2 protein chains.
Amino acid sequence: MTMHEVAARAGVSIKTVSNVVNGYQYIRPATKERVEAAIADLGYQVNISARNLRRGRTGLIGLAVPELSLPYFAELADSVIRAAEARGLTVLIEQTGSVRERELEVLSGQRRHLTDGLIFSPLALGPQDAAALHVDFPMVLLGERIFGGPADHVTMNNVEAARAATQHLLDLGRRRIAVVGAHEGETVGSAALRVQGYRQALEEAGLSVDPALVGEAGLWHRATGADTMERLLESGVEIDAVFGLNDALALGALHVLHARRIDVPGQIAVIGFDDIEETAYSSPTLTTVAPGREQIATTAVDLLLARIQEVEPDKPFVQVVTDFEIVVRESTVGEQAS
Amino acid sequence: MTMHEVAARAGVSIKTVSNVVNGYQYIRPATKERVEAAIADLGYQVNISARNLRRGRTGLIGLAVPELSLPYFAELADSVIRAAEARGLTVLIEQTGSVRERELEVLSGQRRHLTDGLIFSPLALGPQDAAALHVDFPMVLLGERIFGGPADHVTMNNVEAARAATQHLLDLGRRRIAVVGAHEGETVGSAALRVQGYRQALEEAGLSVDPALVGEAGLWHRATGADTMERLLESGVEIDAVFGLNDALALGALHVLHARRIDVPGQIAVIGFDDIEETAYSSPTLTTVAPGREQIATTAVDLLLARIQEVEPDKPFVQVVTDFEIVVRESTVGEQAS
């Protein structure tokens, strides 16, 4: 199997196949799709180890994420691995545990000789760490804790997506929408941005934000979602909907509502954020925001590969904001959705 | 912070602290616990990089697992990372996708210069690959697809645990117990061993195994669990309980039973296997087998560290079988459990 055969099947030049395989950025999407389809159809395998040896590369890229026990990051890792594999790269994953020191260690490049580049999703770095983001190896950043860091950057559209999630609840006639997972006093990061989207939607609907409805939860786990839901219910505040700032929080909230025999969505509608696989199987199934996980993974790998291969060394760093969509399931509209 | 202070606080010698920190095997559990508590209390950090440099080591260990999008493996990875971290090691994770070629590549040692040793959970290797398990680097194997491989080995007690799971259903008066996730014709691996435990329990109860109750599912995902449950229900066979051979399968089955408004556990009781976090939050919560995940992780890291440090180079390879327990939740005994 050779690159010639791929080129013939895709009806393009060998140079174009080479550009696609090497992650070159400026290829028309239709052309790229045709080449990728031909590669898939023919089962063509890039002889990556020979190529890497020639170029002094390892064929490995690093992926540093906060916590694999959070399904979002486990599923993101899976998507990155698949995207990398399609480009002949192997991924080594490191878990930082959302510990600032560990995140700084990742940036210090102690392990840079192991891999050709890094995809990094920081969660604990603060504005004071911005200087550490200046690294001398290829890196793509994911998420919000970037602080103008000098690197290519892929992020979700947190504000708009959270606004759309809240709007979905408003469209269903809900007016007392609680938030589960806010981080008081935080101005950067996913929590702050998603709460901002929630506020925007309420304000556009002419509603004011009731602070009693904004539930804090430091970690975004099922257990903390359950605790926050308990506290909100105990407070006696009127609630007709819940926006879990991620799916784990929303699933924890669902668990508490079920235990208290509160009908979902009859009494309280619930929406999450992330579209982890579990949301399609919970009872009721969970309406959520699909934040473009596959797009995040493929974009990050393509950007990193272009930097590794120095396709355009002087290209300014780019920020890519992924598309999102609301996935409507039973927890907001009842069994009609199933 | 020095090792002296840890020794003083734990009331042991510095040599003992050193042994614990270096993962030496023959320390009394109570002593080990005291030292670990002192380390945790004092926030003592092993100066691992200096130590490794001195010894020509990287301070990194590899963990190769089939799929991080399966919560069991994501949570196992998390446990291994935490156990390794407590011993001053960083874990690099690789996903094999249950592809035999990828698993063989892991064994080929192409990346052995990156790490000091490997914890490897194969899923696709067959008996014909036994020779490949002879490697020249420190390795600990997890799971069942070992084929007498020459390495330290940590495994669950699959047969006994599955027998206990089935016995739990029998004790509740269930007699028509379906299996979700069998692999027809397979004689090695988790599926075969767990079905064997199921058979043993039924036979001990004087019941025969009804082949119509044994549902196949190649992959052990939520989606395949749902499909298999659908097929079993469509077949019209009488069912009063379901044993999902892992939690993902059981959660897929629960989803189908919920959609069909079949009461769990009233009409059909459901038990899973793995005790992933999600099982404590599903509706109903899922009774399952906790297979000793933390024990698997800490044992594997300790065994690997002892091999890396050549504590006892000639020590014969050991097999450790972990303890299990049945975690009883709503899906078998109803809401009394919550």
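**Entry 1: a loop residue.** I began with A:Phe317 and skipped its neighbours within four places in sequence; the contacts left include A:Pro150, A:Ala151, A:Asp152 and A:Arg307. The model is predicted, so I kept in mind that side-chain atom pairs count only at pLDDT 80 or more. I then placed A:Phe317 in the chain: it sits in the loop between α11 (293-308) and β11 (319-321) of chain A. Buried or exposed? I looked up the relative accessibility of A:Phe317 and found 47%, so this residue counts as partly exposed. The cut-off for exposed is over 50%.

**Entry 2: a helix residue.** I turned to A:Gln167, which belongs to helix α7 (residues 158-171) of chain A. A:Gln167 has 30% relative accessibility and therefore counts as partly exposed. I took the C-alpha distance from A:Gln167 to A:Gly197 and got 9.6 Å, for a separation of 30 residues along the chain.

**Entry 3: the two chains.** The contact residues of chain B recur in chain A at 100%, so I wrote down that the same surface serves both copies.

**Entry 4: the cores.** B:Ile93 came up again here. The largest nonpolar core holds 154 residues, and A:Ile93, A:Ile119, A:Phe243, B:Ile93, B:Ile119 and B:Phe243 touch the most other members. I logged a second, separate core of 13 residues, with B:Ala64, B:Leu107, B:Met139 and B:Phe147 among them.

**Entry 5: a helix pair.** Last, I looked at how α1 (residues 3-10) and α2 (residues 14-21) of chain B pack: the angle is about 105°, and the axes are 8 Å apart. That makes α1(B) roughly perpendicular to α2(B), because angles from 65 to 115 degrees count as such. I listed the contact: α1(B) brings B:Met3, B:His4, B:Val6 and B:Ala7, while α2(B) brings B:Ile14, B:Val17 and B:Ser18. I sorted these residues into five nonpolar, two polar and no charged.

Methods:
Residues are numbered from 1 along each chain as its sequence is written. Chains are lettered from A and ligands numbered from 1 in the order in which they are written. This is a predicted model: local features need pLDDT of at least 70, side-chain atom pairs count only at pLDDT 80 or more; totals for chains, interfaces and linings use all residues. Side-chain values use heavy atoms; hydrogens and water are left out. A nonpolar core is a set of buried Ala, Val, Leu, Ile, Met, Phe, Trp, Tyr and Cys residues joined through side-chain atoms within 4.5 Å. Buried means under 20% relative accessible area, exposed over 50%, partly exposed in between (1.4 Å probe, protein chains only). Contact means heavy atoms within 4.5 Å. Axes are lines fitted to C-alpha atoms, for helices over the stretch in contact, and angles run from 0 to 180 degrees between N-to-C directions. Helices (H or I, at least four residues) and strands (E, at least two) are DSSP runs, numbered from the N terminus. Angles under 35 degrees count as roughly parallel, over 145 as roughly antiparallel, 65 to 115 as roughly perpendicular and the rest as oblique. Ala, Val, Leu, Ile, Met, Phe, Trp, Tyr, Cys and Pro count as nonpolar, Asp, Glu, Lys and Arg as charged, and the others, Gly among them, as polar.
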